Amino acid sequence: MTLLSVQNLRVTFETENGPVEAVRGVSFSLGRERLGIVGESGSGKTMTGRALLRLIRPPGRIEADAMIFDGQDLMQASERQMRGLRGRRIAMVMQDPKFSLNPVMTVGAQLTEGLRQRDRLGWDDARKRALAALEAVQIRDADRVMAAYPHELSGGMGQRVMIAMMLIPEPDLLIADEPTSALDVTVQAEVLSILDGLVRDRGMGLIFISHDLRLVARFCDRVLVMYKGRVVEELAAADLMAARHPYTRGLLNCLPRIGGARGPLPGLDRSGDWAE
Amino acid sequence: MTDISQPGPPSRVAAIARRIATEGATLVVTLLGLLLMTFLIGRVVPIDPVLSIVGERATAEQYDAVRLALGLDEPLWKQFAIYVGDALQGDLGQSIRTREPVLEEIARYFPATLELATLATLFGVLVGVPAGVLAATRPGTLADQVVRVVGLMGYSMPVFWLGLIGLLVFYGMLGWVGGPGRLDSAYQMLFEFEVTQYTGMILIDTALNGRWDMFANAFSHIVLPAGLLGYVSMAYISRMTRSFMMNELGQEYITTARVKGMPEWRVVWVHAMRNVLVPLITVIALSYAYLLEGSVLTETIFAWPGLGSYITNALFAADMPAVLGGTVVVGAVFVALNMLSDILYRVVDPRAR
Ligand SMILES: Nc1ncnc2c1ncn2[C@@H]1O[C@H](COP(=O)(O)OP(=O)(O)O)[C@@H](O)[C@H]1O
Ligand SMILES: [Mg+2]
């Protein structure tokens, strides 16, 4: 069954030097499966993910022929309806917990905020749910983490908190935007396996954004390859290593530098007509 | 597995104790430095303290007697020690003009400044912060432009000019506010004799005494100068609030709050505002400290008997003990405010604890 169907999504930024098109007509659909989005830095992955939540700030602008989530066109939804969907039905884990958690609020306050503000739960109930969520991401001293501030957590711990926070309302769709790119290699695997388990157990749809093709191949069912705001290739994850598209092949060849510089890939042949 | 590097309770207590100790030491050194400075200024200025007390026509014996009484024959370091000892006991010397202890005089003048500065800062914060937030959340709109222009006017218009125009219009022509001074002259005497003065701040003392008639009169007098100074402080605070808020609203944790489906008021006033407070506290403390020096121009125009006019008058009269005593008090107020804002800073920013 289709959970999300996106047709001709465009994200445009009005700048002093004219409009910059970050996403240029992306279409895809998604069931309760795991879809990977890969591409070099600046190819529009993050903007695609945020556009699904309609969270692009001015001067950015979102356009799409349709963006249908569970039968509802998000392009037609009011801001109020979007707020009802955000968090509760569509959630997003962002790249770096160092920046994506509020530095002056305790972890507990941030974890329970949705439950208390939206679901009107009392402090005790909200706290119980938050503790359970922390345990689900394999945090053992959950009490202490609840009382801690984000700067007192390691990166891996922070990202688990982020995942726990986003999964508390049991969303149908989770967007994970490079959820492990800011973490140490050793911690990456742990966080990924936690995420993997949760997505499997709960049968969520997952959009997994990454610049790391090998990771995506392992982790996802299907992959979109993005270049300059466009999808240049869509294929089953199992076929990724055998991809024919020159850009995808180029990405594959550039792989060993995980965590290294992520600018436009230097050694990439951009002579094909896909590269305009 | 524990990978949070949070110090346990015992080391946290030790850290706080250590911090109090270092801060106490800094405080002592700062205050000593302040006293040393005023002491040296008192010795360097070409005003003979003995002569200014005994007068031109004193005999040599009179002169020497006063010189001895002031301890001026002692070595310099000892004079300084005595100066510090006296200051610690609240003795900042005697005013040349009035022969009264300087500290007692300042105790009469300072509440007028404190009252004015506090009301002005209150106004600056209560108007400036929401205005800055409004501008930051709607950049480029009419609201933003209005806040910007009103703020710019607060920066660029000379205070004395605004004050004079204000007096002319609201007091002279419209009669909406009281004129110069802290009270109508009819009330001045009544305040001295019928009101128990707990703080020297007329609004507070009259309220505590239940003299609401006098309170209303005092308010009609303070509202214009406080509004004027408050306007200047509002201009500063709204501009800083706008820029801090813009900065916070661009941060990732704001997106997180929106992803969680939090309503916009909560994103701005809870998530962003708590972070804006961190630098804003320093800004507010600075503008408050600036007003607490006593703004001379405003105090002159409004015949406001505050610290600024006290020090200025003392300066014109070459009344060095009064000038230096006033300087010590201003410095001490600065230090105290600095400490207060440091403490508040720690309260709002867990990373600074
Ligand atoms: N505020 C902005 N103004 C102008 N262009 C922007 C802005 N934000 C993003 N972009 C453009 O969007 C493009 C895609 O960005 P992004 O989605 O973050 O890429 P990715 O996540 O794939 O690295 C970037 O190349 C950039 O030029
Ligand atoms: Mg990105």
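This note goes through the sheet, the helix across it, the ligand shell and a hairpin in turn.

1. The model is predicted, with local features requiring pLDDT of at least 70 and side-chain atom pairs counted only at pLDDT 80 or more, while totals for chains, interfaces and linings use all residues. Residues are numbered from 1 along each chain as its sequence is written, chains are lettered from A and ligands numbered from 1 in the order in which they are written, and side-chain values use heavy atoms, without hydrogens and water.

2. In chain A an open sheet of six strands has the order β7-β8-β9-β3-β10-β11, with mixed pairing; strands are DSSP runs of E with at least two residues, helices are runs of H or I with at least four, both numbered from the N terminus, and two strands pair if DSSP finds at least two bridges between them. Because β7 (90-93) and β11 (230-236) of chain A stand at the edges with a single partner strand each, one side of each has no neighbour in the sheet. From one strand to the next the twist averages 20°.

3. Within this sheet, β3 (residues 34-38) and β10 (residues 222-227) of chain A are parallel and joined by four bridges, and A:I37 has A:L224 of β10(A) as its bridge partner.

4. Helix α1 (residues 45-52) of chain A lies across β3, β7, β8 (173-177), β9 (205-210) and β10 of chain A, at about 155° to β9(A). Contact here means heavy atoms within 4.5 Å, and the angle, on a scale from 0 to 180 degrees, is taken between N-to-C directions of axes fitted to C-alpha atoms, for helices over the stretch in contact.

5. The helix α1(A) also gives the most to the shell around ligand 1, with three residues, and β1 (4-15) of chain A likewise supplies at least two. The residues around ligand 1, including A:F13, A:T15, A:E40 and A:K45, are those with a heavy atom within 4 Å of it.

6. Backbone N or O atoms approach oxygen atoms of ligand 1 at 2.7 Å from A:G42, at 2.9 Å from A:K45 and at 2.9 Å from A:M47. Taken alone, ligand 1 exposes 570 Å², of which the protein buries 66%, by the Shrake-Rupley method with a 1.4 Å probe.

7. Strand β1(A) runs antiparallel to β5 (residues 66-69) of chain A, over four bridges, with A:Q7 opposite A:A66. In turn, β5(A) forms a hairpin with β6(A), with two residues between them, and A:D70 in the turn has a positive phi of about 50°.

Technical notes: Polar contact = N/O pair within 3.5 Å; in protein donor to acceptor, adjacent residues only side chain to side chain.
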